[in-house]
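Trainee: Hey, could you walk me through this one? I'd like to start with the strands and then look at a helix.
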Amino acid sequence: MNEVLRSAGLTCLKLLNDAGYEAWWVGGCVRDGLLGRPVQDIDITTSALPEQTMECFQSQGHNVIPTGIKHGTVTVMMQNFPIEVTVYRTDRDYQDHRHPRSIQFVRSLKEDCARRDFTVNALCWHPELGLQDYFGGQQDLKMKSIRCIGNPCQRLDEDALRILRALRFSAALDFTIESETHAALFQKKELLRVLSAERIAREIEKMVIGRRWPEVFTVYHELLAVLFPQLPALQSPAAIQKAFGAFRLCPRITLPRLACFFLVSQQTPLAVCLDQAQRWSRQLKLSNHDRKSLTQLVQNQNRPLPKNRIDLRRLIYELPDLSTEWIQLQQALRRLSAKQAGQWIAAIEEIQSSDCLTLKQLAVNGYDLIAAGCPKTEISVCLNQALSAVIEDQVPNQKEALLTYIQQQAKPESQD
Ligand code: ATP
Ligand code: MG
């Protein structure tokens with residue numbers, strides 16, 4: 001773990017303890033720490049009420065942001081790290097399978113742990129008191145198992161997001177899902193319909209880059225089908241098999257992995273895949289950038305592999321910012337080895353740093369063309385033609401040569 005983060009997390013515990021409150025690291029940081037995985041952030045659970053937490057840190061000159069005060073959470077800025085500090089609480093009377101109608105601040109750590117989703121997410125740690133494990137989380141970490149705390153059906157009923165979280169943690173941590181929790185996921189799959197697009201998107205983006213995602217996909221694709229019945233990857237056993245193969249070979253990078261949901265097959269020709277990718281990314285409210293990138297990857301999935309430098313330049317020109325992801329998708333579709341793909345990507349980087357690929361890099365600009373007598377309305381067409389010719393190695397990227405080329409193009413009839 002990052003030493004500064006660790007020290008910030010320990011200082012938070014100490015300040016709360018010194019003020020007379022209990023405080024523990026909890027959840028992902030303890031789980032990932034025990035697994036030897038990188039820890040990105042630290043969550044703290046404490047017996048202090050949110051106002052008491054604020055007072056405790058503010059009185060020592062620390063900045064505190066009341067990020068989720070209704071839920072008992074404040075964010076303490078400690079050595080530039082935001083640390084979430086939440087009061088011991090339980091969640092009561094879930095409504096709409098997502099939000100608790102009320103939450104109650106409680107006195108005991110055990111009650112707080114009981115509201116958490118999975119046993120491996122309910123481990124607590126304190127530098128002097130050690131690990132606190134009320135629900136067998138350590139054993140499940142050893143077994144590499146995702147298991148709901150309490151009755152799985154009831155826990156998924158309370159909050160349907162836990163269905164996707166189970167798949168996500170299984171994929172990311174390379175864990176299997178314990179049998180009762182596994183059965184409950186299928187039993188409660190229809191509840192997925194209540195989740196918001198943003199929540200679903202966030203979980204799917206994390207899920208598909210998980211180490212175990214290909215296996216999770218084969219076992220749990222029926223759950224995804226509740227949300228996305230038209231997804232090309234789910235249209236037939238052959239499509240599922242094909243997507244599984246692609247996921248296995250595709251590097252763990254979001255966009256190429258998402259593109260593996262939209263592979264052309266007998267059931268789904270390219271036009272349908274493209275249409276589905278557009279609808280899907282709109283349904284999930286992906287950003288404009290991601291929407292465009294995903295559709296471009298899907299559209300170009302069967303573009304031939306580049307054979308020479310000119311092909312590579314064309315690829316970079318036509319898929320700007322996306323050529324690396326395209327190669328990564330090809331790694332899955334054409335079984336390129338990681339080494340081969342790495343060589344392509346290195347070649348792309350070399351070309352990007354040395355060759356002319358954009359209008360900006362062209363040795364002539366609009367003013368040069370005006371000076372050479374080009375009508376204003378033709379400038380954009382002429383510049384693009386010139387760029388195309390440079391990319392195709394038909395003319396060097398030099399001012400004189402380009403002006404001559406443009407003039408020749410402008411009056412082809414008068415040449416003979
Ligand atoms: P990561 O940050 O790697 O995604 P995490 O375990 O820290 O994993 P968070 O979403 O940050 O997950 O939540 C922190 C903790 O809060 C979890 O470990 C879990 O104990 C609890 N938690 C989060 N979401 C839920 C939920 N929907 N139901 C029950 N407990 C939850
Ligand atoms: Mg977290």
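Trainee: What's the bridge partner of Trp25 in E8?
Mentor: That's Trp125. Keep in mind that this is a predicted model.

Trainee: Okay, and how do E1 and E8 pair?
Mentor: They run antiparallel, with two bridges between E1 and E8, where E8 is residues 124-126.

Trainee: Which residue of E2 stands opposite Ala23?
Mentor: Thr46 does. E2 covers residues 43-46, and its pairing with E1 is antiparallel too, over four bridges.

Trainee: Are the residues on the two faces of E1 buried or exposed?
Mentor: Buried, on both faces. Ala23 and Trp25 sit on one side of E1, while Trp24 and Val26 sit on the other. In a regular strand, side chains alternate between the two faces of the sheet.

Trainee: Switching to helices: how far apart are the end C-alpha atoms of H11?
Mentor: 19 Å. H11 has 13 residues, 237-249, so at 1.5 Å a residue it should span 18 Å, and the two values agree.

Trainee: Which residues of H11 are buried?
Mentor: Ala239, Ile240, Ala243, Phe244, Ala246 and Phe247. They're on the same side of H11, because they cover an arc of only 165° around the axis.

Trainee: And what's exposed on the other side of H11?
Mentor: Pro237, Ala238 and Arg248 are exposed there.

Trainee: So what covers the buried residues of H11?
Mentor: The cover includes three helices: H10 (213-227), H12 (254-259) and H16 (323-333).

Conventions
Residues numbered from 1 in each chain as written. Chains lettered and ligands numbered in written order. Predicted model: local features only at pLDDT ≥ 70, side-chain atom pairs only at ≥ 80, totals over all residues. Heavy atoms only, no water. Buried < 20%, exposed > 50% of the residue type's maximum accessible area, 1.4 Å probe, protein only. Pairing = 2+ DSSP bridges. Expected span 1.5 Å × (residues − 1). Arc of directions from axis to C-beta. Contact = heavy atoms within 4.5 Å.
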